[in-house]
Amino acid sequence: MMSRWWWVLWLCCHPLFAQEPLRVVTELSPPHQTLENGEVAGLSTQLVRETLREANLSASFEMYPWARAFRIASSQPNILIYNIARTEEREKQFHWIGKVAAYQLGFVALRHRQDIHIQQLDDARRYTVAIQRDDLSASFLSQQGFRTGNELVLVADIKESWQLLLNGKVDLVIDDAVALGNMAKSLSIEKEDVRFVYAIPQLEVQSWLAASRLTPSPIVEQLQQAHARVTETELYRQIMSSSY
């Protein structure tokens, strides 16, 4: 118990912490990250807020296109980012706090596009896919030989991807099957207007809350310990199980 309060005292009094308040950056991605009455909300956001509460830390929440959120978290101190996939390429770019969501990503098309058939990943090369810059899906498809400007159309955020799909500018987007209803609602369309075409096995992932490399180690450790306590709660179990 003494150890925990020592960390709290350090965090409150340390000059760097006093000068650089914690910021949390994320993207719009219902139901995990939503915007309600101007405030960042959603399932994963609940877990991040609970982790901060357990750590006795406060932070401002900011929503950006994913590429911008990633750039901020890659270059500035005292930044937290979620939901971010923990990949080999990113391993040394961040301090990893803990898992806050689970996804099964795959191709999504408009319901009326019955001409679109995907039985395996290579079948998707016949179509154009809108995808977010610096996203895990973009990196994966590029590694599989999908070409930017032909099969892949890179955009700033997931909402722009969906707008291209709805406007008939691309054939597919990549999203989570569980999230379709929430995304449809945010776009003022019916869930029945879209269909989940194909789950990409390699993109079944658990995503993380992470801290920028320039974040002081005591803050990182305080957050990691807090997240470990959150994982023991019913809230955590409910949110993680509802992601599938």
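Axes here are lines fitted to C-alpha atoms, for helices over the stretch in contact, and angles run from 0 to 180 degrees between N-to-C directions. Helices (H or I, at least four residues) and strands (E, at least two) are DSSP runs, numbered from the N terminus. The model is predicted, with local features needing pLDDT of at least 70 and side-chain atom pairs counting only at pLDDT 80 or more, while totals for chains, interfaces and linings use all residues. Residues are numbered from 1 along each chain as its sequence is written, and side-chain values use heavy atoms, with hydrogens and water left out.

**Packing of α3 with α9**

- Helix α3 (residues 43-54) packs with helix α9 (residues 234-242) at an angle of about 150°, and their axes are 10 Å apart.
- That angle makes α3 roughly antiparallel to α9, given that angles under 35 degrees count as roughly parallel, over 145 as roughly antiparallel, 65 to 115 as roughly perpendicular and the rest as oblique.
- The crossing of α3 and α9 is left-handed, a term used if the near helix is turned anticlockwise from the far one by less than a right angle, with right-handed used if clockwise.
- On the α3 side Leu43, Gln46 and Leu47 meet Leu235, Tyr236, Ile239, Met240 and Ser242 of α9, where contact means heavy atoms within 4.5 Å.
- This contact of α3 with α9 comprises six nonpolar, two polar and no charged residues; Ala, Val, Leu, Ile, Met, Phe, Trp, Tyr, Cys and Pro count as nonpolar, Asp, Glu, Lys and Arg as charged, and the others, Gly among them, as polar.

**Packing of α3 with α8**

- The axes of α3 and helix α8 (residues 217-230) come within 8 Å and cross at roughly 120°, and α3 and α8 are therefore oblique to each other.
- The crossing of α3 and α8 is right-handed, and the contact is made by Leu47, Glu50, Thr51, Leu52 and Glu54 of α3 with Leu223, Ala226, His227, Arg229 and Val230 of α8.
- By class, the contact of α3 with α8 has five nonpolar, two polar and three charged residues.

- On a 1 Å grid over the protein atoms alone, a cavity is a set of points where a 1.4 Å probe fits but cannot get out, a pocket is an open set with protein on both sides within 12 Å along at least five of seven lines, and lining residues have an atom within 4 Å of a point.
- By this rule there is one cavity of 30 Å³ or more, and the largest cavity holds about 280 Å³ of space, where grid points are joined across faces, edges and corners and a volume is the space filled by probe spheres set on the points.
- The largest cavity is lined by 20 residues, of which Glu27, Asn83, Tyr103, Leu105 and Asp135 are the closest to its centre.
- Strand β5 gives the most to the lining of the largest cavity, with three residues, and by class this lining has ten nonpolar, six polar and four charged residues.

**Open space**

- The largest pocket contains about 190 Å³ of space, and of its 13 lining residues the closest to its centre are Thr87, Glu89, Leu136, Ser139 and Gln143.
- Both α5 (136-143) and β10 (194-212) give two or more residues to the lining of the largest pocket, and the largest share, four residues, comes from α5.
- By class, the lining of the largest pocket has five nonpolar, five polar and three charged residues.

**Backbone geometry**

- A cis peptide bond, with omega about 5°, joins Pro30 and Pro31, and Pro31 is in the loop between β1 (22-26) and β2 (34-36).
- The peptide bond from Tyr82 to Asn83 is also cis, with omega near -15°, and Asn83 lies in strand β5 (residues 79-85).
- Asp134 has a positive phi of about 65° although it is not a glycine, and Asp134 is in the loop between β7 (129-132) and α5.
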